[in-house]
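We will go from stop to stop, with something to select at each one.

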Amino acid sequence: MAAGGAEPLRLLLGLGLSESKARETLRNEALTALLREAVVQAQGILGPALDKTVGTLLYNVASRIKDPKHLGFLVGYIANKKIVTDLQLNAALEYVKSHPMAPVDAANFERQCGIGVTVTPEQIEEAVEMAINKHKAQLLSERYRFSMGLLMGEARSKLKWADGKIIKNEVDLQVLHLLGPKTEADLERKPKVLKPRAAEPEKKGKAVMVENGEVHQETKSLMEQLRGEALKFHKPGENYRTEGYVVTPNTMSLLKRHLETTGGQVRTRFPPEPNGILHIGHAKAINFNFGFAKANGGICFLRYDDTNPEKEEEKYFTAIRDIVEWLGYTPHAVTHASDYFDQLYAWAVDLIRRGHAYVCHQKVEEIKGHNPPPSPWRDRPIEESLLLFEDMRKGKFGEGEATLRMKLVMEDGKMDPVAYRIKYTPHHRSGDKWCIYPTYDYTHCLCDSLEDITHSLCTKEFQARRSSYYWLCNALDVYCPVQWEYGRLNLLYTVVSKRKIIRLVEAGAVRDWDDPRLFTLTALRRRGFPAEAINNFCAKVGVTVAQCTMEPHMLEACVREVLNEQAPRVMAVLEPLRVTITNFPAPHQTLDVQAPNFPADETKGFHKVPFQSTVYIERSDFREVPDKGYKRLAPSQPVGLRHTGYVIAVQNIIKDTSGHVQELEVTCMKSEVAEKPKAFIHWVSDPLVCEVRQYERLFLHKNPEDPTEVPGGFLSDVNPNSLCVIEEALVDRSVGEAKPFDKFQFERLGYFSLDPDSTDTKLVFNQTVTLKEDPGKA
């Protein structure tokens with residue numbers, strides 16, 4: 001039956017979707033329309049019945065394609081069984097995304113996407129056998145504790161288009177043949193390795209590889225992932241060996257001069273714009289740039305891309321450097337794009353003289369997008385452009401009346417990008433010296449060249465600018481670094497753009513850039529996330545080319561792992577219930593209880609907790625009428641008080657006129673003579689009053705910026721319960737000397753960090769994470 005007349009649910013079920021998945025998809029009208037279009041086209045080629053493989057590929061292409069104008073092109077390859085794997089589809093989607101201009105070059109597309117490539121079982125067997133032979137000695141020594149992901153990775157590198165599942169099965173088969181079945185010794189858990197101390201970037205992590213839907217984890221430190229040959233990057237001075245690198249008659253002499261300057265040292269840079277606060281995605285960029293240099297004995301510059309004086313503020317310069325150093329990295333040098341304004345201007349004049357740039361008077365609105373009209377001034381005489389560019393520098397044009405444009409077509413089809421524009425805004429460093437400022441497309445590669453950067457590491461969206469990067473260096477005949485791209489790191493349930501965070505602040509949804517519900521790095525630090533945990537998270541995500549979108553709970557798990565080792569234990573009560581011990585062993589006196597900072601390792605010391613006849617427990621730790629299975633305090637059920645050596649039993653319940661429990665009167669008995677209680681609860685006595693701020697996710701949906709998921713916009717998706725303030729919680733006096741950002745585990749409650757809002761008269765704590773992951777979180 002033709003898809004066009006089919007009932008929508010049956011159409012989706014025909015693709016192999018479960019009924020629940022099909023019904024969920026139907027709620028997305030745009031996706032349903034694309035699927036209907038894809039199915040009609042595929043059925044026109046294959047007939048009414050579509051097998052599950054084709055159905056899955058059709059669903060994936062319709063749900064992931066960014067520009068629907070390429071849908072028919074890709075569906076044709078799927079229906080004709082030319083795209084048959086997820087790997088090929090991933091490559092195809094990436095290709096049309098990076099080549100948005102139709103029509104697609106079919107020959108180049110097929111070459112890039114592995115169309116027609118057949119990988120035989122014999123090839124897979126041979127590739128796995130070679131990998132095993134290479135590591136045979138280590139395999140025989142470590143047996144099943146050896147990282148099998150390494151074998152898969154090496155086989156995969158030789159057979160790009162092989163099915164990951166088949167490679168995994170072949171690895172399992174050959175390893176079993178070599179080592180035999182697992183023994184009891186193989187099944188024993190590895191001994192726990194003590195971690196290095198905080199803020200040291202070289203931490204253990206798990207590099208996650210996703211192949212054909214299979215997830216494989218490979219334990220590697222960040223430094224191991226970045227060291228030497230791990231990334232297949234070029235060696236310093238061997239730029240010309242990189243695919244796509246443009247070699248000119250002067251390339252080798254420029255590389256020779258470059259090596260004389262650097263001595264063959266790896267050089268990278270972290271180049272943030274000082275117009276906002278760094279967020280979790282920047283943490284990956286910091287770790288990648290600084291980590292790659294460190295892992296290979298090199299240096300990394302912190303370079304501020306300060307070419308837009310309208311948006312730059314001193315507080316951002318300070319905050320960026322502060323965060324880089326907080327994460328454990330020290331820049332080799334702190335530089336600014338503005339350091340090179342004179343040289344950049346001289347090169348712009350040279351670019352005009354060489355016939356590669358011209359002054360244009362088209363308005364900004366005219367040259368936006370990918371198909372703007374050609375500039376009528378593109379072929380104006382060189383001397384005329386030189387004079388006009390000088391007039392731009394001298395302030396003879398208004399803003400928007402003239403730009404300097406470069407004569408090239410970028411990979412995304414954008415033609416003649418702007419190199420200089422006019423802005424009558426004083427610069428924070430150069431003052432009023434300039435009224436023309438260079439753009440990113442012009443500045444970035446030339447600053448890299450001036451600093452003799454060896455590896456210009458950028459996120460994937462800059463891939464479309466790689467050709468212009470090489471073009472500009474070569475057009476000016478200067479040293480040309482190599483640009484390498486890696487995937488961005490994104491988190492669900494958040495927004496990170498400066499514009500949207502400002503709107504959140506203006507709407508009163510958050511307080512400022514460092515509100516602990518945000519995922520800016522200043523916010524995470526304020527919430528109590530240790531730098532080491534963020535670095536560990538980046539290591540676990542791994543250095544991937546594909547964009548990574550992660551669940552927040554994965555980051556929170558890294559935080560728990562670090563804080564479990566570093567945060568001393570104290571007792572606090574969030575919802576206090578007064579308890580009077582009527583037979584307290586020392587009436588009108590205070591006993592000192594020695595509580596261990598780390599109960600699992602008492603060598604880390606103790607802190608003193610006062611113990612008096614009046615204590616406070618959590619209201620939830622008492623029930624007048626307990627449910628079945630309830631183990632804490634009840635009228636007929638005593639409990640132990642942690643660290644005291646006493647068990648308490650209820651004697652009297654005091655209520656207010658409304659019947660609410662106000663106080664308990666209990667008796668106590670030494671633990672050694674009392675019957676062992678079912679539970680031990682935390683408590684405080686003679687405590688400090690403090691404020692506690694508890695946090696939930698700021699947004700209700702995973703993708704608050706996605707109009708299909710949140711039609712009303714991200715501001716409509718703010719979780720009204722994302723902040724809960726407890727103004728009169730109680731904490732034991734041992735934390736009285738704590739400083740902002742000091743971290744503690746409140747026993748049985750979670751991890752908390754002292755907030756900078758704290759005063760001499762009142763402490764304020766932020767809940768960092770709970771003790772265990774919330775099972776309700778996906």
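Start by selecting K81: just after α5, this residue takes a positive phi of about 60°. Helices here are DSSP runs of H or I with at least four residues, strands are runs of E with at least two, and both are numbered from the N terminus.

A word on the ground rules. This is a predicted model, where local features need pLDDT of at least 70 and side-chain atom pairs count only at pLDDT 80 or more, while totals for chains, interfaces and linings use all residues. Residues are numbered from 1 along each chain as its sequence is written, and side-chain values use heavy atoms, with hydrogens and water left out.

**Helix α5**

Now select residues 71-79, which form helix α5. Seven of its nine residues are buried (under 20% relative accessible area; exposed is over 50% and partly exposed in between, with a 1.4 Å probe and protein chains only). Colour L71, L74, V75, G76, Y77, I78 and A79 to see the buried set. Which helices do they pack against? Show α3 (29-46), α4 (52-64), α6 (86-98) and α7 (106-113); contact means heavy atoms within 4.5 Å.

**Helices α17 and α19**

Next, select residues 341-353 for α17 and 440-450 for α19. Two packed helices are described by the angle between their axes and the distance between the axes. Here the angle is about 115° and the axes are 11 Å apart. Axes are lines fitted to C-alpha atoms, for helices over the stretch in contact, and angles run from 0 to 180 degrees between N-to-C directions. The pair α17 and α19 is therefore roughly perpendicular (65 to 115 degrees; under 35 is roughly parallel, over 145 roughly antiparallel and the rest oblique). Show the side chains at the contact: Q343, L344, W347, A348 and L351 come from α17, and Y442, T443, L446 and L450 from α19. Of the residues in this contact, seven are nonpolar, two are polar and none is charged (Ala, Val, Leu, Ile, Met, Phe, Trp, Tyr, Cys and Pro count as nonpolar, Asp, Glu, Lys and Arg as charged, and the others, Gly among them, as polar).

**Helix α20**

The buried residues are S468, Y469, Y470, L472, C473, N474 and A475. They pack against α17 and α19, and also against β7 (403-406), β10 (455-459) and β11 (482-486). Just after α20, select D477, which takes a positive phi of about 60°.

Most residues other than glycine have a negative phi, and most peptide bonds are trans. Y493 lies in the loop between β12 (489-491) and α21 (498-506), and is buried at a relative accessible area of 10%. Then jump to F741, where phi is near 80°. F741 sits in the loop between β25 and β26 (743-746) and counts as partly exposed at 30% relative accessibility.

**Last stop: N719**

Finish at N719, in the loop between β24 (688-695) and β25 (723-731). Is N719 buried or exposed? With a relative accessible area of 12%, N719 is buried. Draw two distances from its side chain: 3.0 Å to the backbone oxygen of R697, and 2.9 Å to the backbone nitrogen of N721.

Notes: Polar contact = N/O pair within 3.5 Å; in protein donor to acceptor, adjacent residues only side chain to side chain.
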